[in-house]
Amino acid sequence: MAKILKSQRVHVTVVDKSKDVCERLAKRLDVDVVRGDATDPLTLEEARIEEAKVFLALTGDDSVNTISSLMARRYGVEKIIARIEDLNYANVCRANNIEVVSFAESASLVLEALIYHNRLVELTSLIEEEGLDIEYVDYRKGSGLPRFKRNEAYPIMVVRGSEVLLPSPELSLEDGDKVFVIRRRRKLFHVPEL
Amino acid sequence: MIIAGGGGVGKALARRLIDRGEDVVIIDKDPAVCARLREELGVKVVEGDATNMEVLKSAGVDRCDVLLALTGQGNVNVMVALAATACGCRSGRIIVRIDDERYVEVCHMLGIKEVVNPSKSAAIVISEMVRGVKLTTLAEMYYRGYVDVESVKVDVEGHLNDLLSKLLDKVGGGCHPILVLRQGKPLLPNHGLKLRPGDEVVFIKRREAP
């Protein structure tokens with residue numbers, strides 16, 4: 001995850017309690033590392049959690065991920081995603097507006113796509129690995145398709161409710177339409193100069 | 001379909017396959033895990049070591065469509081794949097879970113072509129989530145038949161703009177180019193892009209909502 005975020009030119013700080021992991025990540029990925037327990041306020045503060053736009057809790061322990069995510073909520077982080085395998089913990093997280101991702105579910109999603117040749121998922125994986133991203137943009141009535149600088153992004157489809165429409169110059173967008181685009185990986189968030 | 005390894009990944013996949021009405025058999029060596037799987041999923045569970053050919057045979061490996069080796073240990077999964085091939089799972093596909101990237105090379109050398117890395121899968125799902133896209137939504141659109149993906153190999157050189165109408169004739173109506181694959185690498189299909197012979201143009205095809 002740190003690797004993908006680095007390629008999106010996001011400022012990444014990794015918190016891990018293992019000295020070896022911290023040293024390896026600092027050396028290989030050129031990310032900031034803070035060695036410590038992610039449920040310890042001092043550790044989170046050392047990682048400057050108050051300035052974080054996104055908090056990802058990805059340890060192998062559901063309770064650590066839940067607690068540290070709830071703490072991140074208190075520190076005012078906007079977007080929080082926790083890796084949770086257990087349904088009870090998942091419910092606690094969701095009740096606190098924390099997005100939940102399961103390692104086993106993600107793997108089975110990709111496995112299912114492989115078994116049934118879901119080319120949309122296969123392409124997404126390929127795109128992710130090759131420095132492109134799929135994003136979507138919400139559109140308002142009357143606006144045309146978004147225009148991008150050449151070679152920067154490309155609209156692939158428009159989802160209106162449960163219907164899929166193909167992008168074309170004639171297409172007039174409506175409230176709530178989602179325009180999916182493939183775009184060259186760019187800086188994901190604006191990080192203020194320190 | 002046979003799943004070797006009834007842990008988190010195996011169980012989550014079994015659920016998806018059962019929902020699709022597939023005939024699923026799970027192999028696990030832990031009796032407690034086996035009992036829980038039988039109770040929770042109501043599937044056939046074979047208790048035993050999936051690297052053992054007899055165990056694989058009793059799970060029906062010689063007539064399965066897909067064998068998935070999904071234990072938490074890469075070396076065990078490779079052994080399961082080799083044992084399955086040795087006892088006649090020749091027509092079926094074999095998909096192996098590998099957590100350590102270095103093992104992928106080993107798999108390819110041993111002729112195991114389909115490999116999945118759960119950490120990488122999760123990273124892709126999370127990366128999409130950070131940007132507000134749900135991979136499950138994209139997956140569902142495909143499964144439910146709203147969209148299909150088709151591709152055409154190009155045998156001449158020229159700008160995408162000039163070749164597009166000919167390519168569209170080949171894939172039929174309701175298509176829109178979304179990507180060009182050049183030696184497996186994706187390129188954005190902007191109209192000025194110059195295509196080379198061997199390039200594959202990938203189209204998204206709209207279907208009527210079922």
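**Close-up views of a two-chain predicted model**

**View 1. Surroundings of B:Ile3.** Leaving out neighbours within four places in sequence, B:Ile3 is in contact with B:Gly10, B:Leu13, B:Ala14, B:Val24, B:Ile26, B:Leu68 and B:Leu70; two residues are in contact if their C-beta atoms, placed from the backbone, lie within 7 Å. The model is predicted, so local features need pLDDT of at least 70 and side-chain atom pairs count only at pLDDT 80 or more, while totals for chains, interfaces and linings use all residues. Residues are numbered from 1 along each chain as its sequence is written, and chains are lettered from A and ligands numbered from 1 in the order in which they are written.

**View 2. The largest nonpolar core.** This core has 108 residues, and A:Ile182, B:Ile3 and B:Leu68 touch the most other members. A nonpolar core is a set of buried Ala, Val, Leu, Ile, Met, Phe, Trp, Tyr and Cys residues joined through C-beta atoms within 7 Å. A residue is buried if 20 or more other C-beta atoms lie within 10 Å of its own, exposed if 12 or fewer, and partly exposed in between, with C-beta atoms placed from the backbone. H6(A) gives the core its largest share, nine residues. Helices (H or I, at least four residues) and strands (E, at least two) are DSSP runs, numbered from the N terminus.

**View 3. The side of chain A that touches chain B.** Contacts link 48 residues of chain A with 48 residues of chain B. Elements of chain A that each supply at least two residues to this side include strand E3 (54–57), helix H6 (103–115) and helix H7 (119–129). The largest share, 13 residues, comes from H6(A). By class, this side of chain A has 30 nonpolar, seven polar and 11 charged residues. Ala, Val, Leu, Ile, Met, Phe, Trp, Tyr, Cys and Pro count as nonpolar, Asp, Glu, Lys and Arg as charged, and the others, Gly among them, as polar.

**View 4. A helix pair across the two chains.** H7(A) packs with helix H7 (residues 135–143) of chain B at an angle of about 145°, with the axes 8 Å apart. Axes are lines fitted to C-alpha atoms, for helices over the stretch in contact, and angles run from 0 to 180 degrees between N-to-C directions. H7(A) contributes A:Leu120, A:Val121 and A:Thr124 to the contact, and H7(B) contributes B:Leu135, B:Leu138, B:Ala139, B:Met141 and B:Tyr142. Seven of these residues are nonpolar, one is polar and none is charged.

**View 5. A helix pair within chain A.** Helix H4 (residues 62–74) and helix H5 (residues 87–95) of chain A pack at an angle of about 5°, with their axes 10 Å apart. H4(A) is therefore roughly parallel to H5(A), a term for angles under 35 degrees. The contact involves A:Asp62, A:Ser63, A:Thr66 and A:Ser69 of H4(A), and A:Tyr89, A:Val92 and A:Cys93 of H5(A).

**View 6. An open sheet in chain B.** Six strands are ordered E3-E2-E1-E4-E5-E6, with parallel pairing; two strands pair if DSSP finds at least two bridges between them. The edge strands, E3 (44–47) and E6 (114–116) of chain B, each pair on one side only. Four bridges join strand E2 (residues 25–28) of chain B to E3(B), and B:Asp28 has B:Glu47 in E3(B) as its bridge partner.

**View 7. B:Ser165.** This residue is found in helix H8 (residues 160–171) of chain B. B:Ser165 is exposed because 8 other C-beta atoms lie within 10 Å.

Technical notes
Parallel < 35°, antiparallel > 145°, perpendicular 65-115°, else oblique.
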